[in-house]
Amino acid sequence: MSFFKNIPYELVLGWRYTRAGRATRRNGFISFISGVSMMGIGLGVAALIIVLSVMNGFQKEVRDRMLGVVSHIEVYAADGAAVADLPALLARLKAHPQVVGAAPFITAQALLARGEDMKGVLVRGIDPALEPEVSDLSSDTQVGVLSRLQSGGFGLVLGRDLASNLGVQSGDPVTLVSPSGQITPAGVVPRMKQLGVVGTFSSGHYEYDSALALMHVDDAARMFRLEGPSGVRLKLRDLHLAREVARDLQLVLGPQFFVRDWTQQNKTWFAAVQVEKRMMFIILTLIVAVAAFNLVSTLVMTVTDKRADIAILRTLGASPRSIMGIFVVQGATVGVIGTMSGLLLGLLVAFNIDVIVPALETLFNASFLPRDIYLISRMPSEPLASDIFPVAIISLVLAFVATLYPSWRASQVNPAEALRYE
């Protein structure tokens, strides 16, 4: 009992007004509006968490598929020439504790022709023995497809969409046209070489599946007249540390090498995703704000209904600050309960969206993510604490701000005026 005696009466009365009884029709209506405000805050918070989690999931899926083809870090010779001492460079790069894989490569632009069809392609020369250390292509395609690239065999592994656009399949010949042509009395003649398609790959990313062709690094060096690999691709333990690791490697290797991480290679795409996520956060926060400011009408009606109670408290010695505290507690309680219920609902859906979405698809006989369009058949979700905490804090702050004006008005009630007609 001593514990309850020590509780400030502002908290007791604020909680009592929050769960206002239904003795009168007016009290019941105020309680209904308070419940609607609480529900609105909860649904707004839940919607914000679910949408941000799904956006994070999609970003992770696309990023992982992209990094299945694009390495975490690429190291080039600064002058664009071939790497002079490849074994020494590989040893220096692997000495970094974050580097778990390294493989040489050559990248060049070319034209790929099949009959009258011709496509611009990005040719990447790889070492089939080392490529699995830095790429996921070997796990996403047929078993051993990269091992079909033999030095001197002049074979190509094409992206699935590129092969489909050219109408070729494994075993078909194609012509590779190199822009580094031969100088003849008639002028510069492009170098052409007939190659055989030895397989296809599917990374799940259209940009690469429609424009990337893989060949052995030795064959690429001969085709593009290079003395060796033009760079080294790296895979890290933690891809989120790519910028820091790239900065460290640049300092270690010096100005004769150029180091670029994956965020620089796809800077425009990731910037667009961040802008979209930020805009969605702002738009959905407005929903929470609308629900939070419904508390204003709830508290204004409560203040009007409780004018006699306020007057009695004032005559008993309650200060305006205490009166204001009562209604701040009432509004804050609605905000806290609404926010917490929204967090629970949002996290429950976000962590179980892989179960909820298939159930809805079965119920409505619809497919929300057709695999032939989105390349993934499940709804991805990745709740992050960096999103959840700001959502909860913003919701609580908005609810608190919404209580200030009605609470201040309550503290300004004149006891004599309020009791005159009671």
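1. The second largest pocket of this predicted model has a volume of about 270 Å³. A pocket here is an open set of points on a 1 Å grid over the protein atoms alone, where a 1.4 Å probe fits, with protein on both sides within 12 Å along at least five of seven lines; lining residues have an atom within 4 Å of a point. The volume is the space filled by probe spheres set on the points, which are joined across faces, edges and corners.

2. Among the residues lining the second largest pocket are H240, R243, D261, W262 and F270. Two or more lining residues come from each of α9 (242–253), α10 (262–265) and α11 (267–305). Helices (H or I, at least four residues) and strands (E, at least two) are DSSP runs, numbered from the N terminus.

3. The largest pocket has a volume of about 310 Å³. Of its 15 lining residues, V70, L122, R124, E207 and Y208 are the closest to the centre. Strand β2 (99–114) contributes the most to this lining, with three residues.

4. Strand β2 also pairs with β3 in the antiparallel sense, over 10 bridges; pairing requires at least two DSSP bridges between two strands. A108 has V123 in β3 as its bridge partner. In the hairpin of β2 and β3, with two residues between the strands, G115 takes a positive phi near 65°.

5. Strand β2 pairs with β8 (residues 231–236) as well, antiparallel and over six bridges. V99 stands opposite L236 in β8.

6. Residues are numbered from 1 along each chain as its sequence is written. In this predicted model, local features need pLDDT of at least 70 and side-chain atom pairs count only at pLDDT 80 or more, while totals for chains, interfaces and linings use all residues; side-chain values use heavy atoms, with hydrogens and water left out.
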